[in-house]
Amino acid sequence: MKRDLVIGVDLGGTNVNSAVVDEGGRITHRAWQSISGSRTAGEVIDRLVACVETTMESCGRDRVAGVGVGTPGLIPEGSGTVVYAPNVPEWVDLPLQSLLRERLGLPVAIENDANAAAIGEHWVGGAAGYANIICITLGTGVGGAIIMNHEVWRGSNGAGGEIGHMTVVENGRMCGCGAPGCLEAYASATAIAEQARELLRDGRTSVLSELAGGDPGRIDAAMIAEAADRGDETAREVMHRSATLLGTAVSSLTNLLNPELIVIGGGVIKAGDLIFGPVRAEVARRAYKWSAGILEIVPARLGDDAGIIGAARHFMLTRTT
């Protein structure tokens, strides 16, 4: 039987998703596993493997040519090793590619999750046809990826594109990376929710208390976007602050790299103009006009599928080169 199928995998901070991706970027045979509560790298890998096995069982194991995996973390090109990932337990100097290859019995290619999302958007999503793009993903953290002249720009040792760890506030909130004032500490879905909780603890009144059933721990970014859309001042303040700081970072990226397109993805973009309005306003206010004049800032088109599609595409490209 011909091995003509590629499985793409997207590992996030709370879930792992897998699916078959065909040569046109279309998805079938989806599977999902939660990784919440995982305390070790072994537990996360077990759940990742179980997710891929479910997809293989549904599509036919004998037809699978290989697996592309998008994972958080720093991955030096060609190493197959995750050097460090702050949001996944024990994801330090982890030879993930070889571990998965042994467990699955198939060729495996791994890629940083933000790079994978950018590859997916560049292939069949909102960035198709553009040569120079930046992709920013607002999720558990803030992922970033840069594509220049149709190629992922990785930097000198694979650490390029860490947009979430640009400093946007001097001596600001502590980030999970250990530095103060990072964009991720303000604009990730996790940070947006925490900032809302802090305001409620300080005595602010908000419809968020009602939406969360009186439990501030249940507040998430989607809930804040809903409250802001209903005119809640506390929610709108949090969203505006986060989006403005995101716009500050986007302005610096515009001046530095002069991209044609910036694609913003992740669950937070469901807030629509509450995010994109302040971002575009800050770019208009701060960025060099020559660069800003050609720039488009758009929502990601592939949604939660971008990482799966991009991871599979990364495998396709590395398999044939």
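Modeller: This is a predicted model. A network of salt bridges links Glu77, Glu111 and Arg154.

Colleague: Which parts does the pair of aspartate 4 and arginine 63 tie together?

Modeller: The side chains of aspartate 4 and arginine 63 form a salt bridge at 3.0 Å, N to O. Aspartate 4 belongs to the segment before strand S1 (5–11), and arginine 63 to the loop between helix H1 (41–59) and S4, so the pair joins parts 59 residues apart in sequence. Aspartate 4 is partly exposed, at 36% relative accessible area, and arginine 63 is partly exposed, at 30%.

Colleague: Where do arginine 197 and glutamate 194 lie?

Modeller: Both are in helix H5 (residues 189–201), 3 residues apart, about one turn of the helix.

Colleague: Is arginine 197 buried or exposed?

Modeller: Arginine 197 is buried, because its relative accessible area of 16% falls under 20%. Glutamate 194 is partly exposed at 24%, whereas arginine 201 counts as exposed at 55%.

Colleague: With which residues is threonine 71 in contact, leaving aside its neighbours within four places in sequence?

Modeller: Its contacts are Leu11, Val82, Trp91, Leu96, Glu111, Asn112 and Asp113. Threonine 71 lies in strand S4 (residues 64–71) and is buried, with a relative accessible area of 0%. Glu111, one of these contacts, also belongs to the salt-bridge network with Glu77 and Arg154.

Key. Residues are numbered from 1 along each chain as its sequence is written. This is a predicted model: local features need pLDDT of at least 70, side-chain atom pairs count only at pLDDT 80 or more; totals for chains, interfaces and linings use all residues. Side-chain values use heavy atoms; hydrogens and water are left out. Helices (H or I, at least four residues) and strands (E, at least two) are DSSP runs, numbered from the N terminus. Buried means under 20% relative accessible area, exposed over 50%, partly exposed in between (1.4 Å probe, protein chains only). Contact means heavy atoms within 4.5 Å. A salt bridge is a side-chain nitrogen of Lys or Arg within 4 Å of a carboxyl oxygen of Asp or Glu.
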